[in-house]
Amino acid sequence: MTNDDRVVSSILKEYGLDSVIENYENGHINDTYRCVSNGKKYTVQRINTSVFKNPYVVMDNIERVTEFLKKKIVAEGGDPMRETLTVVKTLDGKNCYTYDENNVFRAYYFIDKVNIIETNDCPENMYNTGKGFGHFLKLLNDFPIDTIFETIPDFHDTPKRMEQFKKALEENKSSRAEFAREEIDFVLSNENRLSLVTDGIKSGDIPLRVTHNDTKTNNLLFSQKTGLAQCVIDLDTVMPGSMLYDFGDALRYGGSTAAEDETDLDKVHFDLDYFEAFAKGYLEETKDVLTPKEIELIPYSVWLMTFECGIRFLADHFNGDTYFRVHREGHNLDRARNQFKLCKELIEKEDKMKKIVAYLM
Ligand code: ADP
Ligand code: GN1
Ligand code: MG
């Protein structure tokens, strides 16, 4: 028996499950398995404890938020078992199981009859994505925000991300910096554009809300029956934040005409039809609660989140790929180049985005 086999059989025992039937690797952070017991399916995940230093805080946040969501979903006539995640406890009632410090697991009921959109290819999907994440923000509008905690401190504090980038560049642990001169110059030339959201939060113009903070289309489950967004998943980064993080990150990912790691940059464009469709769906759900400053910064937020993700990928490339899962040599550099290509287009398209937002309001 290998150590991994021992870990797996120990988790199955803790949760009373029969076997692992699938292992998917579509996210960059956690490891996800599909398990079965008595014909029922479960999602079991190894929480990445080098990213989430305190998995107990993560799980407490998730339990609080999903229990709150379930009440709201019932009140609006929805299905609380399919429209949000359900944390499955260990046989002795804990919300996660620690095998050792690198092997902390949690389980959810598996939600079936759903589709996942890895790379968006039509405005209709983006409209539904906007509705899905917008509805999530709306349902959590009166959640008591001081009962949840930051699972990764300063997660979307872009000026701090810039400091981390500079440190990675200076340390250059992987000796790769000399091969990325153009990208480094691009990053450093944008340094003065990074603090509009953090400044707005400090001044009180931008309220802290319960936000998701990782709004890729593959963190939404879409109903196979209706095509509508059904359940927001990947709740590890749900914490106090700005709605601009959610809006910007969703478009960073779903507003592109290509995958996040496409290396043929001629295929990578920011699509204004996708932007408009997402904004329409999102604003239909949220426009009554947003402040003027939030609305003003929507187009900028897409650039900001794209730039931030680009510098995170590039910093990880310099650090030797210790954070994001990579599948090939230079994968994080490819991802960074892809994000910077989008950033250049986003600057050119910012005025058009402003007009679209004004028209939708
Ligand atoms: P990561 O942090 O690695 O992105 P996710 O929580 O997003 O992990 O899960 C990875 C994938 O597993 C999702 O994109 C989805 O396909 C699938 N998945 C996760 N939880 C569920 C669930 N409760 N029901 C159905 N599929 C799920
Ligand atoms: C990670 O876990 P996943 O793949 O949904 C990352 C996000 C990045 C994203 C880039 C906790 O998300 O912040 O935007 O990769 N999650 C964490 O694809 O760092
Ligand atoms: Mg995910």
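This is a predicted model: local features need pLDDT of at least 70, side-chain atom pairs count only at pLDDT 80 or more; totals for chains, interfaces and linings use all residues.

Trainee: Why is strand S3 described as largely enclosed by the rest of the structure?

Mentor: In a regular strand, side chains alternate between the two faces of the sheet. Strand S3 covers residues 40–47, and six of its eight residues are buried, so the rest of the structure largely encloses it. Buried here means under 20% relative accessible area.

Trainee: How many bridges join strand S2 to S3, and how do the two run?

Mentor: Seven bridges join them, and they run antiparallel. Strand S2 spans residues 31–37. Across this pairing, valine 36 lies opposite lysine 41 of S3. The two strands make a hairpin with two residues between them, and asparagine 38 in the turn has a positive phi of about 50°.

Trainee: Which residue of S6 stands opposite valine 44?

Mentor: Alanine 107 does. S6, residues 103–109, is joined to S3 by six bridges, again in an antiparallel arrangement.

Trainee: Now the cores. Which residues have the most contacts inside the largest one?

Mentor: In soluble globular proteins, nonpolar side chains tend to be buried together. Here the largest nonpolar core has 94 residues, and those with the most contacts inside it include Phe165, Phe247, Leu314 and Phe318. Helix H10, residues 298–319, contributes the most to this core, with 13 residues.

Trainee: What does phenylalanine 318 touch beyond its neighbours within four places in sequence?

Mentor: Its contacts include Phe165, Leu169, Arg176 and Ile184. A second, separate core has 13 residues, among them Leu12, Leu17, Tyr33 and Ala107.

Technical notes: Residues are numbered from 1 along each chain as its sequence is written. Chains are lettered from A and ligands numbered from 1 in the order in which they are written. Side-chain values use heavy atoms; hydrogens and water are left out. Buried means under 20% relative accessible area, exposed over 50%, partly exposed in between (1.4 Å probe, protein chains only). Helices (H or I, at least four residues) and strands (E, at least two) are DSSP runs, numbered from the N terminus. Two strands pair if DSSP finds at least two bridges between them. A nonpolar core is a set of buried Ala, Val, Leu, Ile, Met, Phe, Trp, Tyr and Cys residues joined through side-chain atoms within 4.5 Å. Contact means heavy atoms within 4.5 Å.
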